[in-house]
Amino acid sequence: MTKPMGPIPAGFAADADGMLMIGGRRADALVAEAGDTPLFVYDLALVDAKIARFRAAFPSVHLHYAIKANSYAPLLEHVQKHVDGLDIASGGELGFALEAGADPSTISFAGPGKRDSDLEAAIAAGVTLNCESEGEAERAFTIGARIGRTPRLAVRVNPDFEIKGSGMRMGGGAKPFGVDAARVPALVRRIIAAGATWRGFHIFAGSQALDPAALIEAQRATVALAAQLSDQAGEAPPLVNLGGGFGIPYFNGEQSVDVEAVGEELERTLRNRPQALQKTEFAIELGRWLVGECGVYLTRIVDRKESHGKTFLVTDGGMQHQLAASGNFGQVVRRNYPVAIANRFGAAPEEDVTVVGCLCTPLDRLADDVAMPRAGPGDLVAVFLAGAYGLSASPQAFLAQQAAREIVVGAHAD
């Protein structure tokens, strides 16, 4: 039985020959330029459009990019020029951010397991540490004193709420992330008393949320919590990072987030914010919403085979590059990402096929029982929504298959 796919995002079309165009370039020409498949292509013009849309919807809020979504150097170098800050989650990502040319004072570093070497590198560079525990703050004080640098410290708060319907819940209840809200005021006072530079709060309740009402409710609660914590600590935060959580529609039946509605309500909330936050600046950090829809994963069919009446298209790529599309990155029930035959883009479906990768595991499926135009060896399969949590979130070393290539395109490519 045919299974549905998610919607192909806007911004993609075919040329007169039926070849998928990405950033004004033919998919097959991009493969030739890169040298081979598998290949990730990122259209920077689509990223720029998302940034512009955010700026229009949230005029008084800073935009941060969470680089864990995609840290490919040419993409990161481009994005960092157009956002207000970068959010990182490891010492390795700190290196990526600095190499991309980011101002260290605009970088914030979250993550519950920072090593002393990570803390030292961040403090030495002048990066803000989002402290995930009292113990982490104490280590930062010690390291700062040893190297003669004043740590820039914020507190990541584990709020008592979460974003309803979020795909990944980061707040509410016992969590390894952040400091429980009740303990935050004492930690803020300790940070200030120790002579560190107080940078504010990071409050992230969840991710991959598509319901604007849920995002609005969470942002209102976050602003209220920040004001409450400020009053209890006796010190206003210079910055409140409201987290992000904006999702994109991966699967059949899902709809894009109405960010304009979310922005209108947040602007209203900030205009009427409590006195404790009058001088506070606010930021939203986004990853997948900014870059997820800009990416296409291209993989070539190497075999077509039949088994018990089912047709399999076997590709030279797979879950080692696209773990999320295979259904093995948090899906409870496997559902299909949007896929297409790139050299017959827009052609009418002719058969049901299952697209699998080249790995020796039944987990390696890029599409299951989907309706496609007929295809065979040599044809290109396009997997959409590959701009976020694609290669960087996949086990590329598994079975020592060939590495995927990456390339950026787009009218505004640097």
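**The cysteines and their setting**

Modeller: Residues 24 or more positions apart supply 73% of the chain's contacts with a separation of 6 or more, a contact being heavy atoms within 4.5 Å. This is a predicted model, where local features need pLDDT of at least 70, side-chain atom pairs count only at pLDDT 80 or more, and totals for chains, interfaces and linings use all residues. Residues are numbered from 1 along each chain as its sequence is written, and side-chain values use heavy atoms, with hydrogens and water left out.

Of the 414 residues in the chain, 55% are buried; buried means under 20% relative accessible area, exposed over 50%, and partly exposed in between, with a 1.4 Å probe and protein chains only. Along the principal axes, the C-alpha atoms fill a box of roughly 70 × 45 × 40 Å.

Now to the cysteines themselves. A disulfide is a covalent bond between the sulfur atoms of two cysteines. Here it is taken as a pair of cysteine sulfur atoms within 2.5 Å, and a search of the whole structure finds zero of them. Take Cys 360: the closest cysteine sulfur to its own belongs to Cys 358, 8.6 Å away, which is too far for a bond. Cys 360 also counts as exposed, at 76% relative accessibility. Cys 294, on the other hand, is buried, with a relative accessible area of 1%.
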